[in-house]
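Here are a few friendly notes to read alongside the model. They go chain by chain, then turn to where the chains meet.

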Amino acid sequence: MSDVVFEIKDLYAFYDEHAALQSINLKIWEKRITAIMGPSGCGKSTLLRCLNRLNDLIPGFSLKGQILFRGQDIYQIKDLTEYRRRVTMVFQKPNPFPMSIFDNVAYGLRIHGITKKSILKDKVEQALRMAALWDEVKDKLKKPAVQLSGGQQQRLCIARALAVEPEVLLLDEPTSALDPIATTKIERLLEELAQQYTVVIVTHSMGQALRISDEVVFLYEGRLIEYGETSTIAKTPKHEVTKQFLTGKIG
Amino acid sequence: MRWTLRIISYGVFVVMLFVLVSIVVSGVPYFFRPGFFTAWPQRAMSEGGIFPMLIGSLMLMSLVFAISVPVGLIGTIFLSELAPRRISMFLKSLAGTMNSVPSIVYGVFGLAFFSVKLGFGTSLLSASLALSTMSIPFFMNSAVEFLRAVPKELREGVISLGANKLQATLMVLRASKNGILTSLMLTLGRAFSETAPILVTGAVFYSTKLPGKLTDPVMTLPTSIYAIVMNLGERSQWMAKAMASLMVLIMIAVYSLVQITRRNKRE
């Protein structure tokens, strides 16, 4: 068994009075792909965003319980800059910055104080290679990133998140805005990345979770209803909602 | 029915086009008089050129630019990125209200506050402050929409990499820079053509010299048109026509530039 990266203890999350997550207890293991599943509005994005503390930006958000990252309570961290370098995020809609392809990938490096040209160049190339985008963009690094296709933009966002050499990659339905071919590319990529990184992915596609994840977490109406190894749950689901998900009745 | 509508809408366009074209055409021939752009007006504005009005308007615009851009931009960022929602909504409607205040009211306010109370007198400074008082809410009202149109994923993307609020704000500005530029041009265009706020705060009908310091009065294009039309005889009217024509041409240029900026953004 590998190490625990995240340990979530009795977590409640609120938007004003509304409890989006209730009593979540969960462990996320190193160098595995953990898929968070459930119908719309079940709190899966909220859970993912808690791991990067992105919900701090939302007025009215509050939280009870603990999220430990390698034993440290992340909601006690004062300076999030370094923490967010270690745990980066990719969003549902590709969000390339309004700058060149190169500068997009270099952005995270620059805010973490790396400014030397030669180092930037190496790291940008390395990140783009890891995101399987290098061959497609190596001749147009100076071009605006918005000119790329949707799938390329999403891989660029993955490259941008990888460039800062994180330990965990969080992905919030990264393929829901993409066509099937681009989706397949990203799924293959994630499987490769899981050899080096801990990957947590929110998805509403049962197929995607079965194809790529090692562990799966089912959320329903803000509660965790089942979690464990994907292969085990696929064969012997314990909970009625999970069964319905697997047979395609919901989801 | 369809034809009636067509005729009405074409009619409206024809009228608008007629107004613009006749203003421009009536003034353009005078541009070629010797010294029109470089000489001072003479003999009660019946001879000479518009040099001091042109320079005066430019000086005024530079000052309005220098005052409105930093203040307006900071205000816009505060409205869109920093202020709590309720305060932001309150300030936004305040700026909206200020936009519909008649411009002569800004003139009277400027006269009472900048000229008299603060003792700046009838001066370039009072006029530019009065114009800026009007321009800043106009700029904020328009620019804030462009900042708000930036998708929240962009802000979150920057923050999620470990950036701070300032870095996220810079990214938002970067993403909306064409929009901000558009707002800026529209604001300066409006300030350039406003007459009332400067009429009572800084503009004079005639001055023998260009303003050498901020407390000197200034001659400008729109106020000189007003002065000629109201006070002078037939022999001076050509100068008002020429200045009106020049101003319309400048405004057409500003709006074309705005269109080009917008088109670039779409691509």
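Two residues are taken to be in contact if their C-beta atoms, placed from the backbone, lie within 7 Å. Please also keep in mind that this is a predicted model.

1. Contacts in chain A. With that cut-off in hand, take the contacts in chain A between residues at least 6 apart in sequence: 69% of them join residues at least 24 apart.

2. Make-up and size of chain A. Chain A holds 10 helices and 10 strands. Its radius of gyration is 18 Å, close to the 18 Å that the globule rule gives for 251 residues, so chain A is as compact as a globular protein of that length. As for burial, 42% of the 251 residues in chain A are buried.

3. Make-up and size of chain B. In chain B you will find 11 helices and two strands. The C-alpha trace of chain B spans about 70 × 60 × 30 Å along its principal axes. Buried residues account for 37% of the 267 residues in chain B. Among contacts in chain B with a separation of 6 or more, 74% are between residues 24 or more positions apart.

4. A helix pair in chain B. Do look at α6(B), residues 152-160, and α7(B), residues 165-175: their axes come within 9 Å and cross at roughly 145°. The crossing of α6(B) past α7(B) is right-handed. On the α6(B) side the contact is made by B:L154, B:R155, B:V158 and B:I159, and on the α7(B) side by B:Q167, B:A168, B:M171, B:V172 and B:A175. By type, the residues of this contact are seven nonpolar, one polar and one charged.

5. Where the chains meet. How many residues does the contact take from each chain? Chain B gives 15 residues and chain A gives 20 residues. The helices of point 4 return here, as α6 and α7 of chain B each supply at least two residues of the side of chain B that touches chain A. Which element gives the most to that side of chain B? It is α6(B), with six residues. The residues on the side of chain B that touches chain A comprise seven nonpolar, four polar and four charged.

Note on methods:
Residues are numbered from 1 along each chain as its sequence is written. Chains are lettered from A and ligands numbered from 1 in the order in which they are written. This is a predicted model: local features need pLDDT of at least 70, side-chain atom pairs count only at pLDDT 80 or more; totals for chains, interfaces and linings use all residues. Axes are lines fitted to C-alpha atoms, for helices over the stretch in contact, and angles run from 0 to 180 degrees between N-to-C directions. Helices (H or I, at least four residues) and strands (E, at least two) are DSSP runs, numbered from the N terminus. A crossing is left-handed if the near helix is turned anticlockwise from the far one by less than a right angle, and right-handed if clockwise. Ala, Val, Leu, Ile, Met, Phe, Trp, Tyr, Cys and Pro count as nonpolar, Asp, Glu, Lys and Arg as charged, and the others, Gly among them, as polar. The radius of gyration is taken over C-alpha atoms; the globule rule is 2.2 Å times the number of residues to the power 0.38. A residue is buried if 20 or more other C-beta atoms lie within 10 Å of its own, exposed if 12 or fewer, and partly exposed in between; C-beta atoms are placed from the backbone.
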